[in-house]
Amino acid sequence: MSIGRFVWNFGRQNRFTIHQRYRSCWSCGKNDNNLISNLFCSHCKALQKPDKAENYFCILGVKETYDVDETDLAKKYKDLQKYLHPDKYANRDQKEQEISAQYSSIVNDAYKTLLEPLARGIYMLRLRGKEIPENTEADQEFLVKIMEKNEEVEEASTEEDIIKLNKENKAMIKDLQKKLSTAFFDGDLKRVTKLLTYMKYYTSIDTQIETAIRNKGIIR
Amino acid sequence: MAFLLPNIYKCLCFRSQTGLNAVQTASYHANVIDHYENPRNVGSLDKKDKSVGTGLVGAPACGDVMKLQIKVDENGKIIDAKFKTFGCGSAIASSSLATEWVKGKTVDEALKLKNTDIAKELSLPPVKLHCSMLAEDAIKAALSDYRIKQQTDKN
């Protein structure tokens with residue numbers, strides 16, 4: 001590859017990764033292509049409205065992949081809320097207060113969605129124009145397994161039983177997460193949908209286990 | 001005065017009634033809560049019994065699983081029904097109601113049971129309609145399992 005081509009490619013890649021917003025400010029009306037922290041107008045320092053076209057990955061400024069780095073995600077989230085939290089806008093004008101409330105709630109939703117493996121998967125599937133089907137499932141072998149697991153959790157009485165089930169189930173979800181990552185990487189949406197429905201059932205079991213742990217007052 | 005009093009009474013009652021409705025739209029209908037708190041026919045029947053049909057269905061969108069079983073006598077009448085559901089209150093109520101309804105019906109009558117009837121009885125909101133759908137599919141699956149068992153028995 002020639003150096004020129006390399007530079008051109010590099011530049012092109014950068015244009016995609018460094019996401020910069022270009023718009024005119026709602027407050028002072030000036031065009032601005034160099035927002036401060038990607039949020040504030042560089043002329044009048046007013047907080048800009050959230051961009052409706054941006055997906056949750058863009059809003060938080062993390063790479064769009066199923067294997068998000070959770071520490072990075074948390075850091076980006078906290079950094080953003082430092083600027084956006086409505087408490088910081090108590091003395092600003094009404095319009096800016098509204099924007100901050102709206103923006104900060106979108107950031108909350110984005111963080112919650114991307115942090116949780118199941119919600120993240122469903123969201124990424126939706127970004128690709130697909131949903132988990134609503135129709136009832138007839139994969140009998142799998143359903144029998146799920147039914148049995150649910151019954152096991154229901155019948156578990158000792159602390160050891162519940163802890164053991166919790167461990168197994170968490171490992172199951174982790175394993176599905178790995179498989180999902182590969183399926184997303186391969187762009188195999190059919191497999192993604194299947195894995196996500198599996199994950200949905202195991203997450204339901206997880207909720208049931210967590211309730212049992214709470215009800216029994218088990219301290220971990 | 002005699003005319004006025006009932007009117008005042010009506011007026012006050014109407015007020016309290018609308019207040020009640022406002023609360024109910026925000027939560028489950030009384031019928032759902034009744035079936036959720038006192039579910040009818042929870043349990044299992046012997047899966048291997050020739051006169052028992054088992055339906056096992058799941059809703060991929062919400063992760064609910066439902067098992068519904070029917071026991072049919074030699075005249076084709078459903079004499080017992082049991083269910084086990086792991087899911088939300090609406091799914092539990094739907095399957096509980098479904099077992100109540102199919103009991104005493106013939107196999108053909110039970111096939112005509114529609115999810116819309118269940119949804120109507122329980123006043124399910126649109127987002128919970130799929131729960132009643134799950135119950136209908138569970139009945140259908142149980143009936144078809146019973147039919148298959150009977151046919152293989154004859155052959």
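# A guided tour of chains A and B

Begin by selecting chain A, in which buried residues make up 39% of the 220 residues; buried means under 20% relative accessible area, exposed over 50%, and partly exposed in between, with a 1.4 Å probe and protein chains only. This is a predicted model, in which local features need pLDDT of at least 70 and side-chain atom pairs count only at pLDDT 80 or more, while totals for chains, interfaces and linings use all residues. Residues are numbered from 1 along each chain as its sequence is written, chains are lettered from A and ligands numbered from 1 in the order in which they are written, and side-chain values use heavy atoms, with hydrogens and water left out.

**Chain A as a whole**

Colour chain A by secondary structure. Chain A has 8 helices and 2 strands, where helices (H or I, at least four residues) and strands (E, at least two) are DSSP runs numbered from the N terminus. Followed from the N terminus, the order of elements is α-β-β-α-α-α-α-α-α-α. Contact means heavy atoms within 4.5 Å. Of the contacts in chain A between residues at least 6 apart in sequence, 60% join residues at least 24 apart.

**The loop between the strands**

Next, select C25(A), which lies in the loop between β1 (23-24) and β2 (31-32) of chain A. Is C25(A) buried or exposed? Its relative accessibility is 4%, so C25(A) counts as buried. Apart from neighbours within four places in sequence, C25(A) is in contact with K30(A), C41(A), C44(A) and Q48(A).

**The annotated domain**

Now select residues 55-127 of chain A, where UniProt, in an unreviewed entry, places the feature "domain: J". UniProt positions are given in the numbering used here, feature names are shortened, and annotations may be inferred rather than shown by experiment. This stretch is 73% helix and 0% strand, and its end C-alpha atoms are 8 Å apart.

**Two helix pairs**

Two packed helices are described by the angle between their axes and the distance between the axes. Axes are lines fitted to C-alpha atoms, for helices over the stretch in contact, and angles run from 0 to 180 degrees between N-to-C directions.

Select helix α4 (residues 94-115) and helix α5 (residues 117-127) of chain A, whose axes come within 5 Å and cross at roughly 105°. α4(A) is therefore roughly perpendicular to α5(A); angles of 65 to 115 degrees count as roughly perpendicular, under 35 as roughly parallel, over 145 as roughly antiparallel and the rest as oblique. To see the contact, show T113(A), L114(A) and L115(A) of α4(A) together with P117(A), A119(A), R120(A) and Y123(A) of α5(A).

Move on to helix α7 (residues 159-186) and helix α8 (residues 189-216) of chain A, whose axes come within 9 Å and cross at roughly 155°. α7(A) and α8(A) are therefore roughly antiparallel to each other.

**Two loop residues in chain B**

Finally, turn to chain B. Most residues other than glycine have a negative phi. Select N41(B), in the loop between α2 (30-37) and β1 (52-59) of chain B: its phi is positive, near 60°. At 15% relative accessibility, N41(B) counts as buried. The last stop is S123(B), in the loop between α5 (115-122) and α6 (129-154) of chain B. Phi of S123(B) is also a positive value, near 50°, and at 40% relative accessibility S123(B) counts as partly exposed.
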